[in-house]
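Welcome! Take a moment to look over the model shown here, and then we will walk through its sheet and its charged pairs together.

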Amino acid sequence: DYLLKVAVSPPPPPPPTGGRTIHLNPGGSFETAVESLLPGDTLIVHAGTYSDTGRISITVPGTASQPVVIMGATGEARPFITRPTTATLQNTINIEGSASYLTMKGLEIVGNGVDGIAINGTISNITIEDNVIHDVDVGIGMHTSQSNLVIRKNHIYNTGRGGGTGEGMYVGCNDSTCIVRDSLIAENWIHDSLAGTTQGDGIEVKVGYHSNDIRDNVIYNRSYPGILVYGTGANPVNIVEGNVVWNSSEGISALSDAIVRNNIVHSSGCGLCIYTHVQVTQRKDITAVNNTLYNN
């Protein structure tokens with residue numbers, strides 16, 4: 001009789017599932033960490049510098065029951081997310097694809113000449129909160145049709161790096177080729193653009209963007225309008241409320257379809273500016289009440 005021995009390999013481990021708390025420390029790759037996230041994960045980024053040369057693409061499709069969080073570690077200095085000046089010009093962080101139910105907060109973001117955060121794709125339910133974004137071209141760019149965004153309590157300054165257009169926030173697309181809707185831009189602090197900036201709006205909201213609140217932002221030292229809303233077409237109006245703007249070429253420019261109320265604008269080229277534009281076919285549905293306009 002012979003005894004037959006068969007070596008049996010153990011089964012492979014199951015694939016990772018979401019709901020993890022992941023800690024990223026200096027020396028690790030921010031790019032690798034965020035691109036490996038699954039629905040329900042929380043990534044805690046500890047204080048230090050993270051300088052990746054690759055294109056950082058966050059596409060994780062979170063859900064209402066399994067949201068995704070990327071955050072600086074509580075009680076530590078903000079982690080510094082950047083790109084080397086020698087790397088290919090690229091947005092520092094891209095949120096794109098089918099990303100949803102994602103919160104990014106507590107980071108310091110610097111670039112090498114394009115957007116600090118660029119949001120593209122079939123995007124919804126994204127929160128960008130309490131980040132410091134500076135020395136980039138555009139602070140936060142929203143370049144496709146998107147909905148239910150919350151852009152809140154960010155500090156954006158020194159835009160226009162590399163002689164770019166230098167908006168603090170660029171929302172939507174020319175000629176309504178994309179539309180951002182049902183979103184909140186609130187309590188952001190936006191100021192100062194770099195020498196050589198070609199434009200420099202604080203918050204520029206393109207044609208078609210509708211049903212949104214732009215409120216309680218503080219904006220100053222901008223070479224273009226502090227807040228510019230073009231119009232919504234046949235869609236509901238935007239609300240521009242409770243903002244404070246000064247030392248801008250135009251304070252608040254509402255070209256069509258807006259409720260502009262309870263704002264303060266001073267020491268700017270004009271306080272409330274309503275004028276024609278090639279992309280706005282009709283000036284209509286503008287309500288401007290209870291604003292304080294001084295020394296413009």
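A residue counts as buried under 20% relative accessible area, as exposed over 50%, and as partly exposed in between. Keep in mind that this is a predicted model. With 24% relative accessibility, Asp 213 therefore falls in the partly exposed class. Its salt-bridge partner is Arg 215, which is partly exposed as well, at 21%.

Nine of them build an open sheet, with parallel pairing, in the order 4-7-10-13-16-20-23-26-29. Strand 4 (57-58) and strand 29 (272-273) lie at the edges with a single partner strand each, so one side of each has no neighbour in the sheet. Further in, strand 10 (residues 117-119) pairs with strand 13 (residues 140-142) over three bridges, in the parallel sense. Ala 118 has Gly 141 of strand 13 as its bridge partner.

**The charged pairs**

Side chains of opposite charge can pair when their charged atoms come close.

| Arg 181 | Asp 182 | 2.6 Å |

Are Lys 206 and Glu 204 buried or exposed? Both are buried. Arg 181, by contrast, is partly exposed at 35% relative accessibility, and Asp 182 is partly exposed at 33%. Finally, Asp 213 and Arg 215 belong to a network of salt bridges that also links Glu 241 and Arg 261.

Conventions
Residues numbered from 1 in each chain as written. Predicted model: local features only at pLDDT ≥ 70, side-chain atom pairs only at ≥ 80, totals over all residues. Heavy atoms only, no water. Pairing = 2+ DSSP bridges. Helix = DSSP H or I, 4+ residues; strand = E, 2+ residues; numbered from the N terminus. Salt bridge = Lys/Arg side-chain N within 4 Å of Asp/Glu carboxyl O. Buried < 20%, exposed > 50% of the residue type's maximum accessible area, 1.4 Å probe, protein only.
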